[in-house]
Structure formats: C-alpha cells, structure tokens
Amino acid sequence: MAKLTFKTDLCKGCGLCVSVCPKHLLILSKDKINQKGHHPVEITDQSACIACAFCATMCPDCIITVEK
Amino acid sequence: MTDKVLMKGNEALAEAAIMAGCRHYFGYPITPQTEVAAYLAKRMPKIGGTFLQAESEIAAINMVYGVAAAGLRVLTSSSSPGIALKSEGLSYLAGADLPAVIINVQRGGPGLGGIQPSQSDYFQATKAGGHGDFRMIVLAPNSVQEMADLTVKAFDLADQYRMTAMILADGTMGQMMEPVSLNYGEPKKIEKPWAVTGTKCLRKHNVVNSLFLVPDELEQFNFARYERYKQIEENEVMYEEYMMDDAEICIVAFGIAARVSKNAISEARKQGIKVGMIRPITLWPFPKAPMLKAADKVKEFICVEMSMGQMIEDVELAVRCKKPVTLCNRVGGMIPSPEQVLASIVEASKKGE
Amino acid sequence: MIVFDKPKSLADVSMHYCPGCTHGIVHRLVAEVIDELGIEGITVGVAPVGCSVMAYNYFNCDMVEAAHGRAPAVATGLKRANPDSIVFTYQGDGDLASIGTAETVHSAARNENITIIFINNAIYGMTGGQMAPTSLPGQVTQTSPYGRDTSHCGFPVKVCEMLSQLDGPEYLERVAVNSVKNVRNAKKAIRKAFENQIAGKGFSLVEVISSCPTNWGMTPQKALEWIDEKMIPYYPLGVYKDRSANKEGGNG
C-alpha cells in the first residue's frame, strides 16, 4: 500500500506538491503551524495515494518520502 | 643542477617553481613578465604539468584558487595592472586560507603606465592586496639567484602558513642575466587535510570558503589568521645588513634599488663617509627590529626606492621617527643612478656639521 | 518499498531558499544524479555568489565557494589539478551570464571537461530582485521598475544559443523545472552532463529555467505558470548542442 511520509518541520508550505497531486489528496494544514512557522502539508486520505511521487518530484525541500 | 648556469631572472624563477614541485601555472600575457609564461609554456607539457593561458588575469587567479583548493602548488605571474585585476582573487585566497605563489614583475604606473622597471606596487603588495583584513608574504629579490631561491622559499612559506606569497620583482630583475645555481633537493611536502580532493566517502566533506555570515564567526577567523601573521612576523623576517657595523648613515632599499645603492655605498666609503644599508628581503613581514636598532646609532636613514615614497612610511614607523628618514627616488620606469644615491649620502653626511 | 526519498548526496539540513523556490528541486536532481552514478566520493562542487551561495552546505561532496562569476575558472583549476575528480559548478544568471560571462564563454571554448548547472530565473534573487542579464523585455524588477526597456538596457542574454556558436562545448541543453514532466527531463539532461564528464567528452552546460516566486511577486504555483507563459517562449527548451549525437552527421 502506498504511503507518504513528511518531514513536517522542514515544510515551507509552498503548496507545489498540493498543486500536482493527481488525486487531490494533499492540503496545507489549516490548524497546524510547524517550527518554521508554516502551515505544513498533510494528506487527507492515505489509502487513496497511488505512489506516483509527483508531490515529491516537485517538493523543493525534499521533505516527502514515498513508499508502496 | 649544481653547476652555475647563465639565466634570465624570469626564467630562473620559473625553473625554480618547477623544482619546488609546482606543476600548474595560469597567466595572461603582460610585459615585462612574459618570459615566465613563455618558459613554463615550453616546460610544463614536458613534465606532465599544466600551463594554461587564461582569458584574463581574473580568470587566471581563480584557476589558481581551484588548484590551491585541490591542495597542489600553483603559480601565476603578472605585472602591475594585471596584479590589480588579480586582487579580487587574492582576497578570496586569503579568506579561504589557500596557499599560492604570485609573481609581480613591476612596471611603472598608475594606469597603463609604462613597461619599464618600477617599485611603485609596494603599497599594493604589502598593504592593499585586496579588500578585507589580510596579508601576503612579500619577498623582494635583488639578483637572479634570489629570483630563484625566493620562489622556492615562497612555495614553502605559502604552504606552511596557508596563505599567498608574492615575489615582488621588477623589470630589471626579470630581464637581467646572471649565473645561478639551482639546487634545492626534494620539494617540501606539507600535509593538506583541508584540500578538496573528493571525500572518497570516508570523511565529512571539506569546504573551501570565505563566506561567514555570522559576524562573531568571521571575527574569530580573522583573529586566528592574524595570530598566524604574528608568528610570521616573529619567525620569517629576512633582510641583509651591508656595512652597518660602523655606519652613521643607513640606506634602506630593496630589489634593483639596493644594487644601485651598493655601488653608491662603495663610492661614499672611498670618500670616508660611514654609510651602510639594510636591505629588506621580506617586505612583509617588514624588518622593523634591525631598523629600530640601527636608529640608535645612525644619524639618518635614506630610503632609496623607485616610487614616490611608499616603503619610506614603513621605515619611519620602524624607527619610530627617532631619526630623520629622507627619500631618494626615481619613478615612471626610471632607475636611480649610483651618482644620485651618492649625492643623497653626501648631503646627509654634511648635515649637523 | 521506498520509491522516493532524499538522495544521500544531499545534506540532511534545511535549505535557506524561500518557499516554492525551485533551487531546491535542482539541488535534489544534481544529488540524485551523483548518487546514481556513484561519484559522491570523487565529486567536487563549486558554489557561486547569489542565492545558491550556500550550496556548499547542501551537498555532501567536497565543495568550494567561488568569487562572483568565477566558478568556471575555479572549476578549471580543480579539474586540471585532479583530472580524476568530477567537477561541477552551480551558478545563477547574474553569476554566469553577467559578471562571469568571460569565464563561461572561455571555459566553453576550451571544452573544459566540467559540468555547469546554470539556473536562469531572470532575476537577482539574493540581493532582492534586481534586473538580471536574462530578465525578459518589459519585466519589472527593482532596478527596472518601469519594465526592462530594451532601448535603454538592451536585450536578455540567451546563454545556450550564444555558446552553441562555439566549436568548443560538448553539450548544451535548456530545461525547466516547472512541471513533473519537465523536472524529469531536467534530470535526464543533468545526468547526461555528468556522464559526459565521466566519459571525458568535455564542457556540458544545462540551463535550467527556474522560478523566483518571492522576487517575481507571485505564488509558487503562479510562478511555475509564468515560466510556461513568458519564460519558455523567450527561452525555448531543447538541446542546443550535442557533439556526440552529431558525430555521424559530421556536424561537429
């Protein structure tokens, strides 16, 4: 099963991953703020992830690990 | 090569660099240092070395920076306006604590100036090599033999103290032919664990860098560098004392001006004037102590130099203005004659009579 | 099974780049290629002056920080000193196409066996958004507040086109990192630029059209769209020179 792991504290909340997810599973957290002061990325439905790694490909900060 | 051979100063210097283990040279054509480049262009390919004519002096000094970062001995040569272009690189080399040897075969300035011998880059070499707080070791040869010997010395000092060393010569030294003996043995090997030779995945990466955005950190690096400079001032001063035992007048001169002065001193001695000379071989570190010592016994210093009076400021500081220091000079590519120096000596000898 | 993770040649630190800045993507691509080719232990990188000045902290291989624009000269020294090492420079547009133009052109003319990663984002990022040699005609920057007026300050420098006129360089390609597809193509180009060096083929430069959301005054997403709308039409992607590929055609 596909699984995304985020190094949440390193996320800068740029949203590039959000914009390329073909399943529209990623959002920037509405309520959490990380160490850097950004709203970090979150996945809404892990089970729907297809491990395409589009998100990780576009992440400038290399915070996403993709497994399947 | 134990026997003496007849060589031009520029060529002896270049051969000495090879004997010191230097296998990389980068430069850009400029008169009057051309023979250094021409000689190495012939020699380097034959001994597996690199001679590369760069697109500019700026590029050349940055190629030097690259080789130095890789931990190898490296040389560039130029003349006054070209050294000015290299000053960016000189500052970066200092900031990154990289060893390299730079030759300045000086010509008259400012601007494009002329192509005849000069010593008017004294300030540039000893005080203003580039932006920021740093020093270069500056060696001033006054014979073809010293052109060679001091080049080997420059490589050793540069490696030992992780800094740039400059040979401050002039057109006369470069063009002059004299018999020289080049015999230096194996080049000194100094470990360079900081060099960027690839981690081989066995160590943390090395970084050669001069950027420190935290002021406290940058200050510490400067303090540490100046501690090393202090050691150099204590241990590496070189000078020649000539007929100073009974001298009442002390000439201070380096390079070709010191050779001219020796002739004038012989002539003055014949006239019964007690005159001697202190010839700085290291312009930085400057031989302050022997001058201060001399200030207690001589009545006047005469600074003979081919500039509008640059080294004279260091002489005045060294003798702490205890005795008058006068200037005897020619500029623009003109060399003082022994007669001119003699006249200054005679004039000094008559003061207070 | 891990299908995507941080490459090991990329240091485990947070990079200082602004949110959405594509420098991070290109850093990662370079590190991935170094990992895949197994050359971390023999690679020496040269960082420029500009936004990526601190790239020396982000790669685990040996690194050198160069003076502004001089990276190709420094790389020349490094490579000549140690021909078995793999030497790359990472430079921005001000560094490579303005102050370092001579070093760029002549290292290309010499076919120096080095790899250059050239980030073209049409602006000076680090100093706060001034006009770059690659800023587009009409582009508003801090020092072209009424838009780049070509009658006053001339036209952008098209680096790949310019260098392709030289006999020297082995390989010149322009890529972009504004979409998943383009990022994947960019990686192929970067890989080829390193493989060329390993094979001793010579000067390889990959120009990467990148974004600068902060100084362009756009969201990261909008900046990627702007690359498609404005940058790529002016700076067409593609291979500008590939001597090995042309060998058979005799078009050296």
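Biologist: Which residues in H1(C) meet which residues in H7(C)?

Modeller: From H1(C) come C:Ile25, C:Leu29, C:Val30, C:Glu32, C:Val33 and C:Leu37; they meet C:Val183, C:Ala186, C:Lys187, C:Ile190, C:Arg191, C:Phe194 and C:Ile198 in H7(C). Contact requires C-beta atoms, placed from the backbone, within 7 Å. This is a predicted model: local features need pLDDT of at least 70, side-chain atom pairs count only at pLDDT 80 or more, and totals for chains, interfaces and linings use all residues. Residues are numbered from 1 along each chain as its sequence is written, with chains lettered from A and ligands numbered from 1 in the order in which they are written.

Biologist: Why is H1(C) called oblique to H7(C)?

Modeller: Their axes, lines fitted to C-alpha atoms over the stretch in contact, come within 9 Å and cross at roughly 45°. Angles run from 0 to 180 degrees between N-to-C directions. Under 35 degrees is roughly parallel, over 145 roughly antiparallel, 65 to 115 roughly perpendicular, and the rest oblique. So H1(C) is oblique to H7(C).

Biologist: What makes S9(B) and S3(C) a pair?

Modeller: Pairing takes at least two bridges found by DSSP between two strands. S9(B) and S3(C), residues 62-65 of chain C, have 2 bridges, in the parallel sense. They therefore pair. B:Val207 is opposite C:Met63 in S3(C).

Biologist: How many residues of chain B are in contact with chain C?

Modeller: On chain B, 32 residues are in contact with 29 residues of chain C. H3(B) gives the most to that side of chain B, with 9 residues.

Terms used: Helix = DSSP H or I, 4+ residues; strand = E, 2+ residues; numbered from the N terminus. Contact = placed C-beta atoms within 7 Å.
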